[in-house]
Amino acid sequence: MSDLLIQCTALTKAYGSKLALRDVNLSIGRGRIIGLLGPNGSGKTTLIKLLCGLLQPTRGTLLIDGQGVGVHSKSIISYLPDKMYFADWMKATDLFDLFADFYQDFDRTKAMEMCASLGVNPTDRIKSMSKGTKEKVQLVMVMSRKAQLYLLDEPIAGVDPAARDFILSTILTNYNEEGTVLISTHLISDIEKVLDEVIFLKEGQVMLHNSVDNIRESEGKSVDALFREVFRTIPIEGGNY
Amino acid sequence: MEWKLSDDRPIYLQLYEQLTRRIVSGIYPPGSKLPPVRELAAEAGVNPNTMQRALQQLESDGLAVANRTAGRVVTDDIAAIEAIRYRMAREIIAAFYAAAAELGYTRQEAAALVKEEESL
């Protein structure tokens, strides 16, 4: 087992002539909860998709658990995409069957328990569920695996603030202790307390990678406040829009 | 007792202060077992590593002792707890004088106000 869970060196991804990620160097250890933060279009989802092998890097190298992206990395990664990819005629219990087939580390009992505590009826069809409930089902699927790396792309955007707190505590109490959780989000103030580290992405580059308490100590403000300062929108050419 | 976390200071420091207060005020009595890290972290809604850091700080202060079999316990050194209680009380008084000074009271005037409050 390699010490570092994720190691990116000069990782670059271009869509045509547009660079989504530019020379990203990152080292991420185990047993951490990390916030991947950045404004729209800063490369958060691109980075996550590279990590789970849905995209191929244009340049640079990416090692997960000491190996390239492939069969091994896929078996240890539990990925929550930013879009729902399940057929909507299915019930949550059908999805559990599917996951149990695909992933050795899927814990069905845990999934049923999490549904109960999140107030989701697992025999309802996905079609009949609200947006927030669908998100909860997806989260249940992803967190019921005993993975080493959880990649959560915007896991709390669609649910109300009360459910958000509940989902965060679900993440906190259900992630595997040697596992690392990487959460991309805009809702920093909601998740700041549960993070070890944050990564700020700006225009495809890492501009900051530090622990939450180091940032608070050196800046004297919350990560949320720092984010608002760093990424304040400046109107181009003094325009009003 | 609720966990209160403000935005402008390191989280582990705030947790550490609140744990200290719980020990000094007897919520966690001398010699008693502290709840496990995970439980405390879930209660405060924070990362377990952050809570761990706060507990380590308690240990280096001598307020908590890591016990290999029983987990982490509060120190049974009552004098040590009392010393920290005294120091915290002094800090509260210093803060009071500072706030009174902002309102334009001298230390003597502020002290007189405390006496007046006592006799009410």
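I count two residues as in contact if their C-beta atoms, placed from the backbone, lie within 7 Å. The model is predicted, so I kept local features only at pLDDT of at least 70 and side-chain atom pairs only at pLDDT 80 or more, while totals for chains, interfaces and linings use all residues. Residues are numbered from 1 along each chain as its sequence is written, and chains are lettered from A and ligands numbered from 1 in the order written.

Entry 1, contacts and core. What does A:Y150 touch, leaving out residues up to four places away in sequence? I found A:S78, A:V142, A:Y175, A:G179, A:V181 and A:L182. A:Y150 and A:V181 are also among the residues with the most contacts inside the largest nonpolar core, which has 79 residues; B:L15 is another of them. Such a core is a set of buried Ala, Val, Leu, Ile, Met, Phe, Trp, Tyr and Cys residues joined through C-beta atoms within 7 Å. Buried means 20 or more other C-beta atoms within 10 Å of the residue's own, these atoms being placed from the backbone.

Entry 2, chain A. I read 37% of its 241 residues as buried. Of the chain A contacts with a separation of 6 or more, 70% are between residues 24 or more positions apart. The C-alpha trace of chain A spans about 55 × 40 × 35 Å along its principal axes.

Among chain B contacts at least 6 apart in sequence, 53% join residues at least 24 apart. The C-alpha trace of chain B spans about 55 × 35 × 25 Å along its principal axes.

Technical notes
A residue is buried if 20 or more other C-beta atoms lie within 10 Å of its own, exposed if 12 or fewer, and partly exposed in between; C-beta atoms are placed from the backbone.
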